[in-house]
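Please look over the sequence and the model first.

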Amino acid sequence: MELHLSARQMALWQTLQALAREQLMGMTMQLETTGTVDPALLASLTEQLALSDGLADERLTQRVLALLVLAQNSAGLASQFAARWQVEDAVATFGTPQQRQQYLTPQTTFGLAALPLRVTDSSTVKATPVTAGWQLTGTVKAVLNAGQATDYLVLAQTPPDAAGAFMIKADQAGVEIGNPVPLLGLRGLSVADLKLTAVPATAANQLGQLGRGQRVLQRAQAVGQLFAATVTAGVWQHATDQVRQLALAEQPPLTTLAPALALTASLETSVFNAAQQADDDRGFTDAAQLAALFASQQALAPFEPLMPLIGDLAYTQQSPLVALRNDLATLPLLVGTAGQLATIYATTNFNDDAALSVGHESATAPEHLVVADLHRVVKRLKLTQDVPVNVGSIATAKRIIALGRGAMTPAVLLQAQQLAKWIGAAIAVTQPLTVMEQFSVEQQIGGSAVTVAPEVLINVGVSGDDDYLAGMSGAQHVLSVNSDEQAPIFNHSQQIFIGAADEFLDGMVAALN
């Protein structure tokens, strides 16, 4: 390996190499012979490859190194882990602390499955708001590890027209696997359709902010491209190693091996640099796209100079190069063809509108509001239009102002009630406020109380525990106000106001006037 690794990375690389010598060879032989690997062995390997910390500062760098070693032994096995780690990254990046604790353990990571490494926003899954949150219905094509996973990452269209990301249990009612795809290569990888019929989901299943599934999709696509390019580099190295072992000459001429070695080194450097950019919290989408495009365009190039070195064996079914070529010929099903990858890169880099929405992850972060923005908020959310005389209960209200601990002062309560009257909103509360004389449990969101699905939900002084997030999961647009910039509610809001509740409410009343 030509990469410049740190001492910690070199120690990991040496550990991975030892693991390959001691375990991967036997597992690869079993996989190539039977098409499967003993689940207990896979679970053990997953545990050995687990990160010591699910939020490690070198998470993707470590995953790239591991995939290089896996792919140098079995591209099918590497692709299985790439799918799991694609979902792992999504949970680590967008999940709540509770979701990270739930999914980022060796036992649960073993059961994760993803959309194809080629993630698109053309999923037919629709999320319909119901009193308990959502119901997901539709089909996701070509899911990796389908039928083997315990949890699936699903992207669905949520009203009015935005993507939502959800973690769905495989054993839930309404989850079915169908149309398995017989792959040309990637032995042992399961690919099939995932069909959902009225599958329930709440805020506890939701990954990332409400209506911001596009952001999850974009990062998942970039990670998938990065991983597919990494697998390609591992296969190229595997091919070179096989030729060295089987060559007719005791030592193949370096000039003949040079093209394959150069391509491999170049791709390894590209994927490693992209992973480092991601771990440094820098934009890595461009680098991942270019690595995947280079891998796809050059996928079979190393084989032309290598095949003559092993004589007639190269052209028989017994040739290891045939199986490796089939592995690479299957990858476009997962990550896209060279033409599709080129189109994605061109669209996200040379189209100004697309570059703003796809090329930069921060474009879909919640909008930070100040008082001067509130007149625009009133206009955008049409709060002065169609103001109902009778707003009904919070279960049916189209607009809701929810009050939490940060809104318990008499002055703030009075301001909130005035604002609710002017925009035709129902008043909801969190559990602590139900003990106050003017509120009741019928106004409580979450827990064993009411689940809401308004068009607009304004949270004032609400921190956002799991019960509350589950109760508000049906809301279409969420604006949250809290003086604590780390409040969990901000991770589930389209617009946020960091500051005092009375400052926000004064600003809203002034904007309405």
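What percentage of the residues in the protein chain is buried? Of the 513 residues, 54% are buried (under 20% relative accessible area with a 1.4 Å probe, protein chains only; exposed is over 50%, partly exposed in between). This is a predicted model, in which local features need pLDDT of at least 70 and side-chain atom pairs count only at pLDDT 80 or more, while totals for chains, interfaces and linings use all residues. Residues are numbered from 1 along each chain as its sequence is written, and side-chain values use heavy atoms, with hydrogens and water left out.

**Chain overview**
- The protein chain has 17 helices and 14 strands, which are DSSP runs (helices H or I, at least four residues; strands E, at least two) numbered from the N terminus.
- Among contacts (heavy atoms within 4.5 Å) with a separation of 6 or more, 69% join residues 24 or more positions apart.

**Nonpolar cores**
- The largest nonpolar core holds 69 residues; such a core is a set of buried Ala, Val, Leu, Ile, Met, Phe, Trp, Tyr and Cys residues joined through side-chain atoms within 4.5 Å.
- Helix 7 (residues 213-246) supplies the largest share of this core, 11 residues.
- Another core, of 32 residues, lies apart from it and includes Val378, Ala407, Ala501 and Leu512.

**Leu334**
- Leu334 belongs to helix 11 (residues 320-335) and counts as buried because its relative accessibility is 1%.
- Leu334 and Gly224 are 110 residues apart in sequence, with 8.6 Å between their C-alpha atoms.
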